[in-house]
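Here is my note for your first pass through this model. Please keep the sequence and the 3D view open while you read.

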Amino acid sequence: MDTRSEPVAGGLRPQLVPHAAVGALVVAAGAARIAVHVTGDEQQVAVWVAGAAFVIAVVAATKVRGRVFDRRARRRAYTFAAVAGVWLVSVTVAGLSLGAVGILMAFGYALSTHWWRSRPVGLIQQKTSRSEYQRLWSENVGRPDGALPGSSLRDPQPIKAGIRYTLRLRPGKQDLGMTIAAAKKLRGGLRLQADQELLIEAHPTEREPDVLLTIVTRSPIRSSVDWLGRRRSTRPPVG
């Protein structure tokens, strides 16, 4: 197993997401102001902008709900979408200025601090990399003669306590109960250490038989780490 230090998954790309969102809003505001100058009707353009912002916010909220399991990050994403919509409509009517851009940056970056904290830049030392768990699952668990043949780990979601995955099971062949029953084999397939826990629970957003699988590498009991999941543990008893 590779135990070398590896960059955080995705490199710098996750760190750039808030900057890209703020930049896209400034560009959209500029386009809205151009539309106001062309049409000469600020109210009509503002209505169009408000409608478009609402649709985009609904689509974004749906994506966030399905992919982000950290409740704090999800709430901040919803707040960011609401602030973005209000700011864009306001700028469409009042005009785009450096002050307005400064207000957007202040609110946007304040709401992005949790996002940046959960995705640090640089090299991190960890006994097993995030992609390594997916490889181990494929080689030991999801293979034809494995504990859950044809299954796979998808959508890695880093959390303070470890990492969380969507476990894709075979419809009509595998289910949550079968996964929990195979917990000891799954721990072995993932090469977990004695102080690491494997949490298996029903998925809050995906369709059955997919489940939520969390690998706890930093126990919230042993250190001050926010834990938002359930307390079901599959760690075998000691002794």
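The points below go from the overall layout to the sheet, the cores and the charged pairs.

1. **Ground rules.** This is a predicted model, in which local features need pLDDT of at least 70, side-chain atom pairs count only at pLDDT 80 or more, and totals for chains, interfaces and linings use all residues. Residues are numbered from 1 along each chain as its sequence is written, and side-chain values use heavy atoms, with hydrogens and water left out.

2. **Overall layout.** The protein has eight helices and six strands. Both kinds of element are DSSP runs, numbered from the N terminus: helices are H or I with at least four residues, strands are E with at least two. Along the sequence the pattern reads β-α-α-α-α-α-β-α-β-β-α-α-β-β.

3. The accessible surface comes to about 13800 Å². Carbon and sulfur atoms hold 59% of that surface. The areas come from the Shrake-Rupley method with a 1.4 Å probe, and for residues only the protein chains shown count as cover. Of the 239 residues, 37% are buried. Buried means under 20% relative accessible area, exposed means over 50%, and partly exposed lies in between (1.4 Å probe, protein chains only).

4. Take the contacts between residues at least 6 apart in sequence: 65% of them join residues at least 24 apart. A contact here means heavy atoms within 4.5 Å.

5. **The sheet.** Which order do the strands of the open four-stranded sheet take? The order is β3-β4-β6-β5, and the pairing is antiparallel. Two strands count as paired if DSSP finds at least two bridges between them. Strands β3 (152–159) and β5 (197–202) stand at the edges with a single partner strand each, so one side of each has no neighbour in the sheet. Neighbouring strands are turned by 25° against each other on average, direction ignored. Axes are lines fitted to C-alpha atoms, for helices over the stretch in contact, and angles run from 0 to 180 degrees between N-to-C directions.

6. **Walking across the sheet.** Start at β3. Six bridges join β3 to β4 (residues 162–168), and the two strands form a hairpin with two residues between them. Q157 has R164 in β4 as its bridge partner. Next, six bridges join β4 to β6 in the antiparallel sense. Here I163 stands opposite I215 in β6. Then β5 and β6 pair, antiparallel, over six bridges. On this side, I215 in β6 is the bridge partner of L198.

7. **Strand β6.** How much of β6 is buried? Six of its six residues are, so β6 is largely enclosed by the rest of the structure. V211, L213 and I215 lie on one side, and L212, T214 and V216 on the other. Both faces are covered.

8. **Helix α8.** Helix α8 (residues 183–190) lies across β3, β5 and β6 (211–216). It runs at about 125° to β5.

9. **Nonpolar cores.** A nonpolar core is a set of buried Ala, Val, Leu, Ile, Met, Phe, Trp, Tyr and Cys residues joined through side-chain atoms within 4.5 Å. The largest core has 19 residues, and W137, L167, L186, L190, L198, L213 and I215 touch the most other members. Elements α6 (130–141), β4, α8, β5 and β6 give two or more residues each to this core. A second, separate core of 14 residues includes V22, A32, V36 and L104.

10. A salt bridge is a side-chain nitrogen of Lys or Arg within 4 Å of a carboxyl oxygen of Asp or Glu. By this rule the count is four. R135 and E139 meet at 2.7 Å, N to O. They sit four residues apart in helix α6, so about one helical turn separates them. R135 is partly exposed at 33%, and E139 is partly exposed at 37%. A network of salt bridges links E132, R135 and E139.

11. R168 and D210 form a salt bridge of 3.0 Å, N to O. R168 is in strand β4 and D210 is in the loop between β5 and β6, 42 residues apart. R168 is partly exposed at 27%, whereas D210 is buried at 12%.
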